[in-house]
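Let's take a walk through this protein together. Keep the sequence and the 3D view open as you read, and look up each residue as it comes along.

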Amino acid sequence: MAVGSLRLCVAALLLVLCGVWGFPLGQEGDRTPPTCGYESCHVTEPNMLNVHLVPHTHDDVGWLKTVDQYFYGDRNDIQHAGVQYILDSVVDQLLKNPDRRFIYVETAFFYRWWKQQSSDMQQTVKRLVNEGRLEFVNGGWCMSDEATTHYSAVIDQMTMGLRFLNDTFGPCGRPRVAWHIDPFGHAREHASMFAQMGYDGFFFGRLDYQDRDRRRGAREQELLWRASESLAPPMADLFTGILPNGYNPPDGFCWDQSCDDPPIRDDPELEDYNVDDVVRRFIAIANKQAKMYKTNHIIMTMGSDFQYENANLWYKNLDKLIRYVNAQQAHGGRVNVLYSTPSCYLQELHRANLTWALKTDDFFPYADAAHDYWTGYFTSRPALKRYERVSNGHLQTCNQLEVLGGPISRNGPFGKGDSETLKKAMAVAQHHDAVSGTEKQHVADDYGRRLASGWLRCQVLVSNSLAALSGSTAERIYCDSLNVSVCPLTESSKKFSVNVYNPLVRSVSWPVRLPVKGTSYKVSDAEGRPVDCQVVPVSAETQAVRRSRGSAPNELVFQVQAPPLGFNTYSVSLLQDGPPPAPTRRRAPTAIQNQFLQATFDPATGLLSGLSNLETKQTIKLTQNFFWYNASDGNNSKSNQPSGAYIFRPNSSTPFLVSPTAKTEVVQTPLLQEVRQWFSPWVSQVVRLHADSRALELEWTVGPVPIQDHLGKEVITRLDTSIKTAEYFYTDSNGREVLQRKKDFRPTWTLRQSEPVAGNYHPINSRAFIKDDEDQLTVVTDRSQGGGSLHNGSLEIMLHRRLLYDDVRGVAEPLNETSSVFPEGLVVRGRLLLSLQRPAGAADAHRPLAQQEVLQPTLTFTDGELHPNTRLQFSGLQAALPPAVHLLTLTRWDEDSVLLRLEHQFQRRESKVNSGPVTVNLQKLFSTLEVLGASELNLSANQWKDQMTRLDWTPQTEEKPLLKRPGDPSALEVTLMPMEIRTFLLRVR
């Protein structure tokens with residue numbers, strides 16, 4: 001076929017696909033053309049101050065109560081809140097007056113409510129949506145946290161919520177505005193994602209009190225946020241508005257059943273008639289607020305947490321407020337009040353055709369008073385933060401294998417499996433009181449249970465898929481506690497196989513560490529070739545932390561290789577007369593090294609003293625130790641603010657040293673070398689170097705944090721180096737682009753620093769680094785944590801927190817975690833990966849390292865011999881993808897289509913090798929799927945890319961635009977620019 005004819009066929013196919021792929025264009029049975037969105041806005045008065053009243057509720061998807069308790073209105077002894085009643089009441093009240101408006105945000109709740117409604121009620125609600133009277137804003141499954149979430153999980157939860165709205169309501173269900181009124185600081189990567197999802201604007205409620213004061217004076221509470229240094233403007237530009245009163249009504253104007261403000265008493269025959277007073281106070285508030293904004297339009301949020309359960313109270317008074325204030329216009333009044341929505345307000349700002357202040361950094365850290373920095377939650381509940389990150393990896397593996405295994409994955413030899421349960425659990429876990437660690441303990445437990453339940457459902461799906469791909473229906477065992485050396489199968493079996501599935505699009509080499517009771521084993525790969533392996537003793541610290549869950553005295557260590565988007569299988573057999581385990585020597589170490597790295601130790605202290613990259617011939621001084629800050633109890637002359645789940649407030653800027661020395665034992669084998677360090681009964685660490693690793697692993701174990709001295713403790717590890725940092729350090733934003741930080745400095749205002757430690761902490765989602773002209777030390781984390789650089793050449797990361805006081809931000813519980821396994825206090829284990837490189841080449845190392853940490857291989861175990869016809873190797877790709885390309889999403893969309901996201905994982909100018917454009921051929925991507933056609937979507941997969949239009953905004957100071965992106969070579973050959981994510985719906989068979 002001629003090239004021109006082929007292109008015509010492809011174009012025709014894409015046109016057909018656009019019409020059949022499940023994107024509603026209207027509602028069946030409703031012939032009235034919709035007048036939603038910008039077309040449904042009330043008329044404003046050009047020569048008056050227009051006050052946009054936005055009725056809303058803020059419904060946390062778990063916080064003081066679980067998500068179920070909030071929906072049903074259970075446990076009102078904790079907090080009176082019932083979301084189902086809010087939606088019932090709001091719909092009823094909207095029907096009584098066509099002028100009324102309401103916005104709703106959390107699709108997780110609305111989805112539940114919708115499923116319980118009759119078809120008549122559903123049609124009624126569709127009419128309200130089509131007329132713009134009920135409007136969805138944000139629209140994700142939840143309102144995600146911005147400091148502690150990974151971008152891949154945020155995109156997933158937004159996609160889930162927006163798809164439901166799209167499928168249910170068509171174009172009128174699509175939110176125009178992102179709405180993050182409660183998260184505790186705002187990430188640049190979130191703004192970038194919202195822009196790429198097609199939002200016209202973004203509104204939030206919380207920002208630093210000093211920043212707010214400056215912006216109020218300069219009338220810069222509305223701005224243009226340029227949220228990427230790599231994507232060409234306006235691709236990641238997002239108009240951003242800071243709401244005037246958090247997300248609450250003005251003082252004196254809260255008419256919910258939970259409020260105490262007097263209603264509008266408008267019978268002139270009554271003694272307590274108050275209309276004149278209400279109008280006077282409201283106009284005064286409106287005029288004061290208008291002085292802080294640039295246009296003759298202002299917004300007021302009329303609602304708050306779980307309000308409108310009796311919506312009649314609100315609407316009856318709002319109707320009166322609008323009527324009586326607007327009545328003043330007949331007497332020269334210049335204020336016009338109207339029911340509105342964030343999108344209608346945004347439209348008026350756009351019509352003003354002004355220029356807006358440009359912002360290029362982020363809104364972290366956030367403080368609401370001089371000694372009240374919300375930087376503790378960056379680390380709060382570190383075990384939950386790790387479990388959420390592990391669950392994200394599980395979900396991506398589950399999604400991929402559902403596609404690669406086909407329909408049998410959902411209903412196969414191991415029963416019915418599904419990915420939806422884990423998708424919803426992960427989506428809920430992104431909420432700003434979930435992975436943030438700022439919920440009550442029983443709610444944190446509920447989030448964990450949901451993730452565990454979802455993984456169990458996915459295990460069935462994964463087993464079915466691997467059975468289909470391997471041809472073996474032998475039972476597969478999952479060992480989810482390998483980090484503490486627990487796996488009953490490997491402990492008891494004399495012969496078993498290990499299937500290693502790799503969710504990345506390039507081959508990986510991965511160290512496997514399995515608890516065993518034997519002393520010598522034979523390991524063979526899929527070709528029957530022997531694999532080097534070593535048995536080492538389980539450390540005393542691991543034995544202590546696993547308690548009674550396992551009893552293996554040894555661990556079998558070997559290196560596995562897994563192909564891209566595929567698996568490899570290894571056979572393990574116990575040897576009867578093999579050599580004994582590698583010995584541990586209780587001596588002061590001097591160095592451990594492989595062909596790439598050398599780590600040196602001070603024999604006098606047992607601590608690290610230096611790190612060398614043998615390939616690049618660079619060496620730095622490096623010491624590392626553990627410290628704890630004494631958490632403030634609030635009994636302080638400067639402030640009564642204690643440390644708590646949200647707030648980090650140490651009593652002193654100088655932390656206490658856990659121990660100046662470490663007791664050590666050393667394991668040295670050809671496969672791995674370990675220095676096991678013991679600092680105290682509650683702090684230990686293993687410094688580990690595998691034979692083929694270019695990163696030094698620090699596996700830390702902290703807890704139970706002692707509180708017998710009645711002192712709350714915030715535990716950190718600190719790396720002190722010879723790198724000349726000049727008070728700069730760098731952190732990632734939600735796992736993607738990196739931002740420069742500087743001690744005691746904010747790019748957009750002159751900082752008055754009142755908390756020299758907490759005020760210099762920033763969120764670290766996947767990595768942080770320090771550098772000078774010669775050296776860059778990057779630390780890759782296994783979960784979200786808080787950290788900072790308080791001294792030249794230093795980087796500290798908070799690992800664990802155990803506190804004795806509530807920080808008076810609503811949760812009403814101290815962050816004092818215990819569990820059935822650890823009743824005396826939670827023990828947390830994690831790891832940091834250290835990479836030493838020249839700055840010019842550092843990203844080539846830390847980018848793939850961080851992705852490999854997020855998407856670790858999934859191990860499954862089969863007891864005994866495998867059937868001889870079992871397929872032992874498989875790759876879902878025809879070939880590995882280039883290093884710059886990351887497969888962000890591969891998930892089933894419907895019966896014959898899959899959702900694919902490809903990502904360029906390098907920033908512009910970050911790498912000499914990998915920061916250029918990369919082209920991928922979609923037809924030559926998969927080994928088992930035939931791609932029949934592709935159509936591009938926006939990032940959240942709820943609009944066709946070529947149909948996505950956004951409002952244009954003009955910055956006050958325009959910078960030179962980046963080069964425009966090149967076009968694609970063909971319809972199925974797509975080019976990725978640095979930091980670009982492209983989303984496709986593939987029709988496959």
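Ser391 sits in helix 12, which covers residues 382-405. Helices here are DSSP runs of H or I with at least four residues, strands are DSSP runs of E with at least two, and both are numbered from the N terminus. With a relative accessible area of 1%, Ser391 is buried. Buried stands for under 20% relative accessible area, exposed for over 50%, and partly exposed for what falls in between, using a 1.4 Å probe and protein chains only. Leaving aside residues up to four places away in sequence, Ser391 touches Leu422, Met426 and Leu451; a contact here means heavy atoms within 4.5 Å.

Before going on, a word on what you are looking at. This is a predicted model, in which local features need pLDDT of at least 70 and side-chain atom pairs count only at pLDDT 80 or more, while totals for chains, interfaces and linings use all residues. Residues are numbered from 1 along each chain as its sequence is written, and side-chain values use heavy atoms, with hydrogens and water left out.

Now zoom out to the whole protein. It contains 17 helices and 46 strands. Its radius of gyration is 29 Å, close to the 30 Å that the globule rule gives for 989 residues, so the protein is as compact as a globular protein of that length. That radius is taken over C-alpha atoms, and the rule is 2.2 Å times the number of residues to the power 0.38. Along the principal axes, the C-alpha atoms fill a box of roughly 100 × 80 × 55 Å. Of the 989 residues, 64% count as buried. Among contacts between residues at least 6 apart in sequence, 76% join residues at least 24 apart.

Leu832 gives you another place to look at such contacts. This residue lies in strand 37, residues 828-837, and at 1% relative accessibility it counts as buried. Not counting residues up to four places away in sequence, Leu832 touches Leu696, Glu697, Leu698, Trp700, Thr717, Val779, Val780, Thr781, Gln785 and Ile797. Leu832 and Arg783 are 49 residues apart in sequence, with 9.5 Å between their C-alpha atoms.

Helix 3, residues 83-94, has 12 residues and reaches 17 Å from its first C-alpha to its last, close to the 16 Å expected at 1.5 Å a residue. The expected span is 1.5 Å times one less than the number of residues. Nine of the 12 residues of helix 3 are buried, so this helix is largely enclosed by the rest of the structure. The buried residues include Val83, Ile86, Leu87, Val90 and Leu94. Their cover includes helix 2 (67-72), helix 4 (107-115), helix 5 (119-130) and helix 10 (311-327), along with strand 2 (102-104) and strand 3 (134-136).

How many of the nine residues of helix 7 are buried? Nine of the nine are, so helix 7 (residues 188-196) is largely enclosed by the rest of the structure. Among these buried residues are Arg188, Glu189 and His190, as well as Met193 and Phe194. Helix 7 is followed by Gly198, which has a positive phi, near 95°.

That brings us to the backbone. Most residues other than glycine have a negative phi, and most peptide bonds are trans. Arg75 is not a glycine, yet its phi is positive, about 50°. You will find Arg75 in the loop between helix 2 and helix 3, where it is partly exposed, with a relative accessible area of 34%. Arg219 is not a glycine either and has a positive phi of about 55°. Its place is the loop between helix 8 (209-218) and strand 6, and at 35% relative accessibility Arg219 counts as partly exposed.

Where are the cis peptide bonds to look for? One joins Pro233 and Pro234, with omega about 5°. Pro234 is in the loop between strand 6 (222-226) and strand 7 (237-242). Another cis bond runs from Gly703 to Pro704, with omega near -10°; Pro704 lies in the loop between strand 28 (696-702) and strand 29 (713-721).
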